[in-house]
Amino acid sequence: MVRHLDHLRDRAGAVPRAIVGRFSSRLHDERVAAWLGIWLGISFTVAFVTGLISHFMQHPPTWLLWPSRPVNLYRVTQGVHVIGGLATIPLLLAKLWTVYPKLWQWPPVRSVAHALERGMVFLLVAGALFQLVTGVFNVARWYVFPFYFPTAHYWTSYVLIGALIIHVTNEWAKVRRAVFRPVRLDSVPLESAGRLSRRGFFAATAAACAVIAVTTVGEAFRPLAGIAWLAPLPPERGVPVNKTAAAAQITVRPDWRLHVTGVVQRELRLSLDELRALPRHSARLPIACVEGWSAEGAWSGVRLRDVLRMAGVADDARVRVESLEPTGRYRTSEVRAPHWHDPLTLLALELDGAPLTPDHGYPCRLIAPDRPGVLQTKWVTTVVVL
């Protein structure tokens, strides 16, 4: 068996001799697999943490009061989650190509323990592919799968991270031996080897990851918007719109009023002119979408806390903001004390110096710091104090 297939021969198994020659590349190597595994482990851990942040921002448990500052926290974490996830694709493919000869290990199962180990590896690979493939479909808004993406993505992340932890525990001795042994990265020069070296393979993989990141990050980091060629939502001037008023079936009646009700000392019904007559405030805040893109706008309107204090509410009240949208998972959103107390949280009436357009939420929309875009409710009609 060739030297570069040593990592394929376990204590009681080997690659059949008939196919050994097919895997003679020095890239099917324990050291290469170990380094790629370390980088993948870091990438998936970052994706898991940022994914949890996104989930619990959108669906906070009752005990969690998410802070309203820093203003761009969600913009950064979700950008890292989506753009970093896209950049992980070449890394995962490189890792799978490096270790796929293990599929030919013979016998395929040597014991119950070995079967469980291989089953855990299957969960790891299947979970990784599922997360990245469906994640790409999600940011491209191509929903060809029959399940609800956020729920499936959230629960599969636990399967993936659990399988990753078990796999790292099982393979740690091999990783230490491969990574920390005193061997040069390329003991055979590229010219004499006549094929891609380990160093070249690592460089090509890193370059592919970097190209995807650089040509996508412009959807969130506007100075690079001009080269965001791979961004699922190409950057545009102003604040993009995910759902138009027509798609949301919005009808604004001439007698529209903002209704403040619930646990209040006095109910309010404010017309658009009455809202405009209240003290006006401005804030420059981003809309940060779960799909990874974000864009800043100059918003102007009335502070939500000012309206709530006009109605007389308790300082620890929870608030539900409701939209004119007749249906939809996010036609309402909850605003907890840290956000509605924040002076940057507005019932916005203008964007970039002009009245809101129907697609941006006319006549009135919520805009608050450090919140996912799906919770920045448009076409606000009712504020309910809980």
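Trainee: How many helices and strands does the chain have?
Mentor: The predicted model contains 9 helices and 10 strands.

Trainee: And what percentage of the residues is buried?
Mentor: Of the 386 residues in the chain, 47% are buried.

Trainee: What share of the contacts comes from residues 24 or more positions apart?
Mentor: Such residues account for 69% of the contacts, taking those with a separation of 6 or more.

Trainee: Let us turn to the helices. At what angle do α1 and α6 cross?
Mentor: Helix α1, residues 30–58, and helix α6, residues 198–214, cross at roughly 25 degrees, and their axes come within 11 Å. Because angles under 35 degrees count as roughly parallel, α1 is roughly parallel to α6.

Trainee: Is that crossing left-handed or right-handed?
Mentor: The crossing of α1 past α6 is right-handed.

Trainee: Which residues meet there?
Mentor: From α1 there are Arg-31, Val-32, Trp-35, Leu-36 and Trp-39, and from α6 there are Arg-198, Phe-201 and Phe-202. The residues of this contact comprise 6 nonpolar and 2 charged, with no polar ones.

Trainee: What does Trp-340 touch?
Mentor: Leaving out residues up to four places away in sequence, Trp-340 touches Leu-304, Arg-305, Leu-308, Val-313, Ala-314, Asp-315, Ala-317, Val-319 and Val-335.

Trainee: A change of topic: where are the cis peptide bonds?
Mentor: One joins Arg-69 and Pro-70, with omega about 0 degrees, and Pro-70 sits in the loop between α1 and α2 (73–99). Another joins Tyr-362 and Pro-363, with omega about 10 degrees. Pro-363 belongs to the loop between β8 (354–355) and β9 (365–367).

Trainee: What about backbone phi at Arg-141?
Mentor: Arg-141 is not a glycine, yet its phi is positive, about 55 degrees. This residue is in the loop between α3 (112–139) and α4 (149–180).

Trainee: Why does Arg-141 count as partly exposed?
Mentor: Its relative accessibility is 35%, and partly exposed covers the range between the buried limit of 20% and the exposed limit of 50%.

Trainee: And what is phi at Asp-352?
Mentor: Asp-352, also not a glycine, has a positive phi of about 55 degrees. Asp-352 is in the loop between β7 and β8 and counts as partly exposed at 43% relative accessibility.

Trainee: How many residues separate Asp-359 from Val-241 in sequence?
Mentor: They are 118 residues apart in sequence, but their C-alpha atoms are 6.8 Å apart in space. Setting aside neighbours within four places in sequence, Asp-359 is in contact with Val-241, Lys-243, Thr-244, Ala-245, Lys-378 and Trp-379.

Notes. Residues are numbered from 1 along each chain as its sequence is written. This is a predicted model: local features need pLDDT of at least 70, side-chain atom pairs count only at pLDDT 80 or more; totals for chains, interfaces and linings use all residues. Side-chain values use heavy atoms; hydrogens and water are left out. Axes are lines fitted to C-alpha atoms, for helices over the stretch in contact, and angles run from 0 to 180 degrees between N-to-C directions. Helices (H or I, at least four residues) and strands (E, at least two) are DSSP runs, numbered from the N terminus. Angles under 35 degrees count as roughly parallel, over 145 as roughly antiparallel, 65 to 115 as roughly perpendicular and the rest as oblique. A crossing is left-handed if the near helix is turned anticlockwise from the far one by less than a right angle, and right-handed if clockwise. Contact means heavy atoms within 4.5 Å. Ala, Val, Leu, Ile, Met, Phe, Trp, Tyr, Cys and Pro count as nonpolar, Asp, Glu, Lys and Arg as charged, and the others, Gly among them, as polar. Buried means under 20% relative accessible area, exposed over 50%, partly exposed in between (1.4 Å probe, protein chains only).
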